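Please take a moment to look over the sequence and the structure shown below, and keep both in view while reading the paragraphs that follow.

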Amino acid sequence: TDYYDEGELIWLEVDTRIRELTHNQKSIDDFCKAFHGGPGGKPELKTYTFDDVVNGLNAIAPYDWRKLLIDRLTSTDPHAPLGGIEMGGWKLEYSELPNEVALAGAEATSHFNYDDSIGLDLAEDGAVIDVIHDSPAYKAGLGPGMHLTGVNGQQFSPDVFAEAITAAKSGGPITLIATNGAYLETYTVDYRGGLRSPHLVRVDGKPDYLSDIIRPVTP
């Protein structure tokens with residue numbers, strides 16, 4: 001359900017835009033209080049339209065919100081909308097340094113995410129949980145439900161798999177053995193980019209709205 005994550009990024013862009021327009025005097029919190037708030041009392045069901053959202057945002061900070069929202073909601077860009085991150089004073093970069101959040105998630109779930117490199121999401125035992133469309137793993141023929149058993153002639157383990165991705169930077173393609181139902185097959189993955197993890201990097205000279213956004217709200 002990638003659209004949920006993308007929706008959060010769209011609203012992050014709205015928040016940072018409001019902060020920019022008002023010199024950080026207002027935020028999406030002000031919109032939510034005005035749009036969803038009320039006098040209290042008995043619960044009521046109140047519907048709203050797209051125009052109501054646009055008008056509500058304009059009441060907080062005048063801007064062409066209709067165009068921004070329509071552009072984001074109808075976009076077919078293959079990349080996520082990063083305007084909120086960039087306007088928030090940060091940028092997204094990839095490196096071989098591990099991502100701390102991803103490491104914590106792997107430890108908690110025993111799932112290992114290689115989405116940004118070879119294009120696989122794996123369980124600790126080699127079960128293929130997901131494959132990114134058009135990734136090197138996808139092009140090699142791997143798919144969800146398969147089970148990796150061998151990596152470059154060695155028995156599969158998360159460490160062996162990660163080492164193979166790193167070694168492929170200066171070597172040949174990665175050879176994987178996987179079970180697919182009752183069948184045992186060999187897959188050749190032509191990937192030379194090494195391990196890649198996303199990181200947020202501060203942009204000097206730009207207001208740090210993201211830090212303001214994640215700061216706990218005091219009563």
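In which sense, left-handed or right-handed, does α3 pass α4? The crossing of these two helices is right-handed, where a crossing counts as left-handed if the near helix is turned anticlockwise from the far one by less than a right angle, and as right-handed if clockwise. The model is a predicted one, in which local features need pLDDT of at least 70 and side-chain atom pairs count only at pLDDT 80 or more, while totals for chains, interfaces and linings use all residues. Residues are numbered from 1 along each chain as its sequence is written, and side-chain values use heavy atoms, with hydrogens and water left out. Helices (H or I, at least four residues) and strands (E, at least two) are DSSP runs, numbered from the N terminus.

Helix α3 covers residues 50-60 and helix α4 residues 65-74, and the two pack with their axes 9 Å apart at an angle of about 130 degrees; axes here are lines fitted to C-alpha atoms, for helices over the stretch in contact, and angles run from 0 to 180 degrees between N-to-C directions. The two helices are therefore oblique to each other, given that angles under 35 degrees count as roughly parallel, over 145 as roughly antiparallel, 65 to 115 as roughly perpendicular and the rest as oblique. On the α3 side the contact (heavy atoms within 4.5 Å) is made by F50, D51, V53, V54, L57 and N58, and on the α4 side by W65, R66, L69, I70 and L73. These residues divide into eight nonpolar, one polar and two charged, with Ala, Val, Leu, Ile, Met, Phe, Trp, Tyr, Cys and Pro counted as nonpolar, Asp, Glu, Lys and Arg as charged, and the others, Gly among them, as polar.

Helix α3 also packs with helix α2 (residues 28-36), their axes coming within 9 Å and crossing at roughly 125 degrees, which makes α2 oblique to α3. This crossing is right-handed. Here D30, F31, A34 and F35 of α2 meet D52, V53, G56, L57 and I60 of α3, and the residues of this contact divide into six nonpolar, one polar and two charged.

Elsewhere, four strands form an open antiparallel sheet in the order β6-β5-β7-β8, where two strands pair if DSSP finds at least two bridges between them. Strands β6 (154-155) and β8 (183-189) stand at the edges with a single partner strand each, so one side of each has no neighbour in the sheet. Helix α8 (residues 158-167) packs on the sheet, where α8 touches β5 (147-151), β6 and β7, and its direction makes about 60 degrees with that of β5.

E13 lies in helix α1 (residues 2-21) and counts as buried at 4% relative accessibility, buried being under 20% relative accessible area, exposed over 50% and partly exposed in between (1.4 Å probe, protein chains only). Leaving aside residues up to four places away in sequence, E13 touches L68, R72, G83, G84 and M87.

Most residues other than glycine have a negative phi. S110, in the loop between α6 (100-109) and β2 (111-114), has a positive phi near 60 degrees and is partly exposed, with a relative accessible area of 29%. N152, in the loop between β5 and β6, has a positive phi of about 50 degrees although it is not a glycine, and N152 is partly exposed at 37%.
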